[in-house]
Amino acid sequence: MTTSVSPVRAIPGDEHVPPPSGVALCLSGGGYRAMVFHLGALWRLNELGFLPKLARISSVSGGSITAGVLGLKWKQLQFDATTGVSAVFVHEVVDPVRALAGVTLDVGDGLKGLFMPGSIADYIAASYRKYLFGTATLQDLPSAPLFVINATNVQTGSLWRFANPYMADWQVGLIKNPTVDLAVAVGASSALPPVLSPAHLTLDPNSFEKGSGSGLQQPPYTTDVLLTDGGVYDNLGLETAWKNCATILVSDGGAHMAPDPTPHTDWVRQALRVNDMTDNQVRDLRQRQLIGSFTSGERKGTYWATRSNIANYPAQRALACPFVATQKLAAIGTRLAALDATTQQQLVNWGYAICDAAMRSHVVQAAAAPAAFPYPSAGV
């Protein structure tokens with residue numbers, strides 16, 4: 001018996017990025033836990049002078065909140081021409097994201113969407129406008145590096161990609177130079193089902209490039225688009241990076257499903273757990289694909305996660321991160337719920353430390369070890 005393999009489906013517009021020799025950074029989903037964890041990783045990448053080396057930043061869900069702020073502030077970061085370091089990174093990126101992390105969105109916006117006109121996704125987008133993005137659109141993101149904010153199209157089951165040069169679903173087609181609000185794109189990417197989903201886009205079908213879709217370039221796919229969390233399709237944000245770059249860095253702030261000796265049997269809670277099982281399996285498969293590619297030499301790069309054990313990385317003089325302590329941080333719920341200042345600092349420290357260990361183990365082995373955590377008094 002023989003099997004055929006479908007060719008890689010390239011989104012028109014991917015030619016705007018560097019060739020496959022480029023470096024991609026993937027920021028996973030995971031609510032505020034992931035959002036703040038990724039801040040620490042970006043902090044260390046900035047110190048290493050690595051941010052200007054990125055060709056593409058691919059994000060989903062909570063990672064898209066952090067990526068959206070990084071992209072919006074990219075021009076203000078003013079990387080040093082020699083070191084590649086931004087002296088204003090903390091002020092421009094860390095501070096506004098941490099301010100949002102102190103505000104609970106999912107409960108208040110959820111109740112508004114249930115009992116007031118408009119959807120929950122509309123209210124989440126309005127909160128993102130208020131706290132982070134204002135009136136910025138996708139055109140306020142840089143074209144290089146390419147920021148790709150990923151949502152999942154409920155109608156087609158494919159990724160819906162938001163970026164500066166295009167937004168697209170390979171089956172529906174491509175719209176060049178979209179002017180969708182950045183808050184709406186991030187809101188769609190982080191529309192965690194079932195409560196915060198779906199996000200609704202109303203589009204002009206004539207705005208799609210003719211012939212750019214594959215069978216579904218027609219209403220209602222081109223007029224009324226329903227989107228859910230990007231992590232439903234790809235919780236690592238790996239796909240768009242994998243197809244376009246040879247070096248892949250993955251920051252994984254996702255949760256790991258815990259065993260339950262007495263799972264609920266009612267259909268609602270059973271369905272939620274089965275959904276978690278599916279999500280967990282898909283994430284594990286993508287992780288194995290990634291690690292396998294590093295081992296075989298097919299890809300270069302590294303992977304780190306909230307669930308990682310820093311002792312498993314060979315980098316010398318890694319920061320002290322007891323596994324028991326870091327696993328408590330990894331177990332924080334996947335919500336858009338306020339985190340206290342100390343927990344935020346510990347998540348930032350953990351993202352910083354594990355990114356450092358991963359990068360110095362596999363990518364920049366000659367780099368000097370950091371002297372301390374970003375927030376030394378908080379530890380992990």
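Student: Is Arg317 buried or exposed?
Tutor: Let's start with the ground rules: this is a predicted model, where local features need pLDDT of at least 70, side-chain atom pairs count only at pLDDT 80 or more, and totals for chains, interfaces and linings use all residues. Residues are numbered from 1 along each chain as its sequence is written, and side-chain values use heavy atoms, with hydrogens and water left out. Buried means under 20% relative accessible area, exposed over 50% and partly exposed in between, using a 1.4 Å probe and protein chains only. Because Arg317 has 60% relative accessibility, it counts as exposed.

Student: Where does Arg317 lie, and what is its phi?
Tutor: Arg317 lies in the loop between strand E10 and helix H11 (323–330); helices (H or I, at least four residues) and strands (E, at least two) are DSSP runs, numbered from the N terminus. Most residues other than glycine have a negative phi. Arg317 is not a glycine, yet its phi is positive, at about 60°.

Student: Ser61 has a positive phi too. Is Ser61 buried or exposed?
Tutor: Ser61 has a phi of about 50° although it is not a glycine. This residue lies in the loop between strand E2 (54–60) and helix H2 (62–72). With a relative accessible area of 7%, Ser61 is therefore buried.

Student: Which residue does a cis peptide bond join to Pro220?
Tutor: Pro220 lies in the loop between strand E7 (199–202) and strand E8 (224–228). The cis bond has an omega of about 0°, and the partner of Pro220 is Pro219.

Student: And which residue is joined by a cis peptide bond to Pro145?
Tutor: Pro145 is found in the loop between helix H6 (120–133) and strand E3. Omega is about 0° here, and the residue joined to Pro145 is Ala144.

Student: Which residues are linked with Trp74 into a cluster by ring pairs?
Tutor: Rings of Phe, Tyr and Trp (its six-membered ring) pair if their centres lie within 6.5 Å, with planes under 30 degrees apart called stacked, over 60 edge-to-face and the rest tilted. Five aromatic pairs turn up in the whole structure, among them the tilted pair of Trp74 and Phe79, at 4.9 Å centre to centre and 55° between the planes. Trp74 and Phe147 form an edge-to-face pair, with 5.8 Å between centres and 75° between planes. The cluster partners of Trp74 are Phe79 and Phe147.

Student: How many residues apart in sequence are the parts that Trp74 and Phe147 tie together?
Tutor: Both Trp74 and Phe147 are buried, Trp74 at 11% relative accessibility. Trp74 lies in helix H3 (residues 74–77) and Phe147 in strand E3 (residues 146–153), so the separation in sequence is 73 residues.

Student: How many residues of helix H7 are buried?
Tutor: Helix H7 (residues 182–189) is mostly covered. Its buried residues include Leu182, Val184, Gly187 and Ser189. Of the eight residues in H7, the number buried is eight.

Student: Over the ring of which residue does the charged end of Arg299 sit?
Tutor: A charge sits over a ring if NZ of Lys or CZ of Arg is within 6 Å of the ring centre and within 35 degrees of the ring normal. The charged end of Arg299 is 4.1 Å from the centre of a ring, and that ring belongs to Trp242.
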